[in-house]
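Please examine the sequence and the structure shown here.

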Amino acid sequence: MLSQLVRVNPDLNLEGPNSSTRTLVLGSNGLLRMLFPIETVAWHKAIELVFMQRAVVVKYYGNLLVRSRYFATLAPAVIRMNKSCKISNTVPHYSYPNLLIRDYNQCQYCGSVPKTVDHFVPKWFTRIMRIIEDGKIHILQDMEIASDIIVNLLRQPLTWKNASCICEELEPTLLKFDFSKFPALPLNWENAVAACKNCNAKKGPHSIGSAEVELQYEAPYAPNSSHMVGNYLHVHQANIPPVWMNFLQKSLRVANR
Ligand SMILES: [Zn+2]
């Protein structure tokens with residue numbers, strides 16, 4: 001039964017959630033029987049979504065109590081977003097835990113356990129992208145930076161998909177310039193991959209074509225909910241809260257159709 005946060009007795013002898021407690025977020029296409037997972041969020045983020053009336057609670061963790069000064073409730077285990085969405089084009093928000101799920105908790109260069117996020121598209125290039133997006137091309141031209149390359153760059157759509165190829169062309173000329181005063185674009189699905197410290201250090205500021213390391217897995221991509229559910233099961237098979245299983249299995253049946 002769907003519900004808002006329910007009040008419970010604050011004196012219940014139950015533990016609180018910890019920093020690894022997560023909530024499964026479901027989307028729907030408008031029909032309640034077509035629920036499917038979108039992503040997982042920290043339990044406190046789930047409570048915030050319910051308070052903001054953007055989601056409702058579907059299942060609670062029966063053994064985890066959340067207490068505030070005036071209110072006590074059980075930690076939400078599964079919530080459903082109120083706004084309907086399509087399973088195929090729901091992109092989970094970019095975050096480090098979600099990145100690890102997309103990348104199967106493996107360094108994308110050597111397969112070991114990742115501890116860092118690598119800027120697959122080098123930071124210096126994202127700075128150029130930002131300058132171009134802000135319409136400040138003259139800054140680059142004033143610096144007499146390979147203006148013919150920049151003119152070429154502007155002829156093609158500046159998407160993340162072709163950014164890495166463009167980088168390889170620009171890198172020998174531009175790597176020596178100091179772009180540090182321009183902010184880099186934040187990490188997102190298409191410019192980040194999970195990496196171990198060793199490979200991240202080896203890759204440094206280089207694009208993939210000229211770096212010492214090679215990408216062994218998929219190029220970074222924005223996953224949809226079906227990718228994330230499949231990858232989550234693969235990575236965390238032993239740690240999936242039992243209360244999620246019914247929703248994960250249902251969603252896989254939907255996603256595989
Ligand atoms: Zn590695």
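How many bridges join strand 1 to strand 2? Strand 1 (residues 22-28) and strand 2 run antiparallel and are joined by 7 bridges; strands (E, at least two residues) and helices (H or I, at least four) are DSSP runs numbered from the N terminus. This is a predicted model, in which local features need pLDDT of at least 70 and side-chain atom pairs count only at pLDDT 80 or more, while totals for chains, interfaces and linings use all residues. Residues are numbered from 1 along each chain as its sequence is written.

Both strands belong to an open sheet of 4 strands with mixed pairing and the order 2-1-4-3; two strands pair if DSSP finds at least two bridges between them. Strand 2 (35-42) and strand 3 (55-67) each have a single partner strand, so one side of each lacks a neighbour in the sheet.

The largest nonpolar core has 26 residues, and Leu-26, Val-78 and Ile-79 have the most contacts inside it. Such a core is a set of buried Ala, Val, Leu, Ile, Met, Phe, Trp, Tyr and Cys residues joined through C-beta atoms within 7 Å, buried meaning 20 or more other C-beta atoms within 10 Å of a residue's own. Strand 3 supplies the largest share of this core, 7 residues.

Conventions
Buried ≥ 20, exposed ≤ 12 C-beta atoms within 10 Å, placed from the backbone.
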